[in-house]
Amino acid sequence: MNDSPKAEDLLRILESLDALVYVSDMHSHEMLFINAYGRQRWGAPNGRKCWQVLQDGQSGPCDFCTNPQLLGADGHPPPTIVWEFRNTRDGRWYQCRDQAMQWHDGRMVRVEIATDITERKTLEEALKASNQQTRKLAYRDDLTQLPNRRAFFESYRKQMETLTPDQPLALVLIDLDHFKMVNDVRGHAAGDHVLKVVAELFQAQLKPLDILCRLGGEEFALVLPNTSLPCATALAKRLHEALRSHTMEYAGQPFLVTASLGVAATTCAEADLNDMLKAADRAMYRAKAQGRDQVCSEALSSQNESRPE
């Protein structure tokens with residue numbers, strides 16, 4: 001910098017800032033100036049390029065360099081560019097303010113002021129993680145750790161968005177038979193144990209994309225993307241048999257639990273959630289009316305029929 005009072009005043013201001021300030025040539029990337037804050041953390045430039053001073057593992061200009069954005073098509077600098085990044089040398093987060101300007105010797109330079117925002121980013125990331133955990137808990141059944149009723153409706157909607165109109169979508173409703181008797185005779189702790197075991201048994205039979213949810217009480221729902229009615233019915237029968245052949249045990253007492261399952265399926269183009277629920281519900285109550293402990297299915301196009309009490 002020259003020895004004029006104006007240049008000295010600017011240098012004094014830049015040196016006193018509690019933030020990194022550096023100047024580099026827009027074309028050669030040679031670092032022309034770095035203030036005391038920067039020298040303390042990254043060292044003196046000594047004729048090096050900006051990436052050689054400030055970054056690790058760089059053999060050329062950084063991929064995130066903002067130089068191309070600092071000059072408009074007319075050659076004049078646009079407004080200051082503000083951005084954030086994590087420095088590769090010290091691992092800390094910085095908010096950067098970049099501006100192109102003409103240096104005292106006439107060349108175009110990049111001036112960057114980078115303020116350490118690591119504490120703020122740490123708080124933001126902690127808050128984001130907390131919000132994600134809160135959301136996860138809001139969509140998770142505490143007892144079985146399955147997605148809950150709210151998650152069921154959202155999962156169905158998301159599956160509708162990913163499938164093409166001609167792909168099938170199936171829904172299975174599952175109701176444990178005489179579950180109230182388990183609670184009344186063996187106690188609510190035994191009932192909770194049954195629900196957790198049922199969730200584990202069913203999950204073991206499913207593919208990664210199949211979505212098993214607990215709707216509440218002794219009711220479960222299963223969303224099966226890209227699954228036809230025959231395939232969904234076959235899966236429901238496997239779930240039914242897995243439960244039927246499993247002997248529950250609580251407090252040293254063995255007992256059996258069965259379920260009634262209703263299956264509905266259609267193409268995604270016709271898969272209105274209310275219609276699907278009604279069809280699966282009708283099939284499930286038909287299973288109950290026919291003696292429980294079985295699987296019934298219904299195509300979505302079936303006519304409505306009365307629901308057995």
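Helices (H or I, at least four residues) and strands (E, at least two) are DSSP runs, numbered from the N terminus. I call a residue buried under 20% relative accessible area, exposed over 50%, and partly exposed in between (1.4 Å probe, protein chains only).

Sources: this is a predicted model, where local features need pLDDT of at least 70 and side-chain atom pairs count only at pLDDT 80 or more, while totals for chains, interfaces and linings use all residues. Residues are numbered from 1 along each chain as its sequence is written, and side-chain values use heavy atoms, with hydrogens and water left out.

Entry 1, α6. I looked up helix α6 (residues 179–186) and found F179, V182 and N183 buried. They cover an arc of only 95° around the axis, so they sit on the same side of α6; the arc is that of the directions from the helix axis to the C-beta atoms. K180, M181, D184 and V185 are exposed on the other side. What do the buried residues of α6 pack against? I got β6 (168–176), α7 and β10 (253–256). After α6 comes G187, with a positive phi near 100°.

I found G216 in strand β7 (residues 211–216). It counts as partly exposed because its relative accessibility is 27%. Its C-alpha is 7.6 Å from that of N148, 68 residues apart along the chain.

Technical notes. Contact means heavy atoms within 4.5 Å.
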